[in-house]
Amino acid sequence: PIDGPAYLPIDRAFTLKGFGTVVTGTLLSGRLAAGDEVDLVPGGPRGVCIRGLQSHGKEVAEVAAGQRSAVNLPGVAVEALARGMVLGRRGELTESAMLDVELEAVPGADRPLRARQKLSCHLGTAAVPCTALLLEAAELPPGRRAFAQLRLARPLAALPGQRFILRGYAPASRAGGRTVAGGAVLAITPRKRRPGRPGAAAGLATLRDGDPGEKVAWLIEDAGSRGLDAADLFRRTALPPRAIERTVGLLSSQGRAVLFDRDRRAHVGAGVFAALRARAGELIRAHHQANPLAPGIPKEELRRRLGEDLDPKLLQRLLAAEAEAGRAVVDGDSVRAPEHGSAIQSAEGEGRARLAGLLAAAGLSPPTTAELSAALGLPLDRTLGLLKLLAAEGRILRVKDDLYFDAAAIRSLRERLVSRLRADGAITTQSFKELTGATRKFTIPLGEYFDQEKVTLRLGDRRVLRGSDGADGGRR
């Protein structure tokens, strides 16, 4: 097709004085014009600008499918080019180390084509060693057809629908041995198929016989959660861009494809999207069960667990669908089930009670915040949140960054400390330690706390009561 991807297999590359490097070949698909940026695939230079074009010895502004063409590529070393490469417009061709194909064994051959037979694939001007994996049988009799996957020794560039031949593998000969089969490419860069297993050739009949809508629908679904955008579909179908746009639009309106990136016009199959939504629901519920006090599962964690390479825009589209259906609530950077809000309140009440009980039982030797977190089996940030709630309620007091004390224990200590100071006038660090019955780990921050609260004033190794009545404006 003239409006398909540009595809020019290179049969010659040479240097012409005054012009630089020139490549020649017959344009099999699409158009090329002077000034176009092109890639040479596989393994060649990319983003090269065409200086000039000739067809049958005449300068032309453009060449189209079916025309013999000579392309002037300035700045490209001829040593970087080889027969078998393909010239195409920037980004329109891709390398493929596997091809899904339909094969036809040569009629009248003296033996069948065997599964996993080593052959030479001739496509365009490329000749590449390959292994032919028959997907549904152990061998292919002469004159019969079968689906297969070609595993190539090195990548090449191909178009869907392109014809090729297979010859016996002869390493010493570029031409190879006798022709044993021919066929047509059904899919480029396919997933790896497992010959002999049920469904090994699933979908290939659709790619061979289906209309454009059926082919596009199958390719999108087969791409899984990665999805396909407009550029992918152009490479994988060789259909004109307008035909792809119409086809995908129809599939979307029928609910068979789901748009998740408007800029790239990227879609996933409806079946893939439904499976992702179901899996997301399972992950959200599992996170709630394992972390009952967490507000929800972080979006990034959910994306990673759905698939490391899941597009963030696909996750956004998925969550929007779940929220619209009433199955999820997106709250900032986290996602929760709708019923989890009341569950959090109940769990927080239980968590606060357990936390207050632990601190009350510990008295003046409380666990650190990290130890409390481990004892409750909660993340540290959730434990700190509960501690702040208890402090706001006046049930506990924060004495140091990682030390919270039961408020009743602090009040009792304060009364005993003031009584002691009124009786003795001062208290030493050792006497204060004996008064608390705790270790230096706790007595030092407690002493500093009463200093900050303006209950005591430190004078060297002693502390005295502030003011004549022990209050001096301090808070009680």
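Reader: Let's begin with arginine 167. Which residue does it stand opposite in S19?

Author: Arginine 167 stands opposite threonine 179 in S19. This is a predicted model: local features need pLDDT of at least 70, side-chain atom pairs count only at pLDDT 80 or more, and totals for chains, interfaces and linings use all residues. Residues are numbered from 1 along each chain as its sequence is written, and side-chain values use heavy atoms, with hydrogens and water left out.

Reader: How many bridges join S18 and S19?

Author: Five, in the antiparallel sense, with S18 covering residues 163-168. Two strands pair if DSSP finds at least two bridges between them. Strands (E, at least two residues) and helices (H or I, at least four) are DSSP runs, numbered from the N terminus.

Reader: And how does S12 pair with S19?

Author: S12, residues 95-105, pairs with S19 in the antiparallel sense over seven bridges. Leucine 103 stands opposite glycine 183 there.

Reader: Is S19 mostly covered or mostly open?

Author: Mostly covered. Eight of the ten residues in S19 (179-188) are buried. Buried means under 20% relative accessible area, exposed over 50%, partly exposed in between (1.4 Å probe, protein chains only).

Reader: New topic. What is the strand order in the open sheet of four strands?

Author: The order is S1-S11-S5-S6, with antiparallel pairing. The edge strands are S1 (8-9) and S6 (48-49), and each pairs on one side only.

Reader: What stands opposite valine 48 in S6?

Author: Valine 38 does. S5, residues 37-41, pairs with S6 over two bridges in the antiparallel sense.

Reader: Next, S21. Which residues point which way?

Author: In S21 (residues 266-269), Ala266 and Val268 point one way, and His267 and Gly269 the other. All are buried. In a regular strand the side chains alternate between the two faces of the sheet.

Reader: Which strand pairs with S21?

Author: S20, residues 257-261, in the antiparallel sense over four bridges. Leucine 259 has histidine 267 as its bridge partner. The hairpin has four residues between the strands, and arginine 265 takes a positive phi near 55°.

Reader: Helices now. What is the span of H10?

Author: Its end C-alpha atoms are 18 Å apart. H10 has 13 residues (380-392), so at 1.5 Å a residue it should span 18 Å, which agrees. The expected span is 1.5 Å times one less than the number of residues.

Reader: Which residues of H10 are buried?

Author: Arg382, Thr383, Leu386, Leu387 and Leu390. Seen down the axis of H10, they fall within an arc of 140°, so they line one face of the helix. The arc is that of the directions from the helix axis to the C-beta atoms.

Reader: What does the face turned away carry?

Author: The exposed residues Asp381, Lys388 and Ala392. Just after H10, glycine 394 takes a positive phi of about 80°.

Reader: At what angle do H5 and H7 cross?

Author: Roughly 75°, with the axes of H5 (270-290) and H7 (312-324) coming within 10 Å. That makes H5 roughly perpendicular to H7, a label for angles of 65 to 115 degrees.

Reader: Which residues meet there?

Author: Phe273, Leu276, Arg277 and Ala280 in H5 meet Leu314, Arg317, Leu318, Ala321 and Glu322 in H7. Contact means heavy atoms within 4.5 Å.

Reader: Last one. Is valine 455 buried or exposed?

Author: Buried, at 1% relative accessibility. Valine 455 sits in the loop between H13 (440-452) and S28 (456-459).

Notes
Axes fitted to C-alpha atoms, helices over the stretch in contact; angles between N-to-C directions. Parallel < 35°, antiparallel > 145°, perpendicular 65-115°, else oblique.
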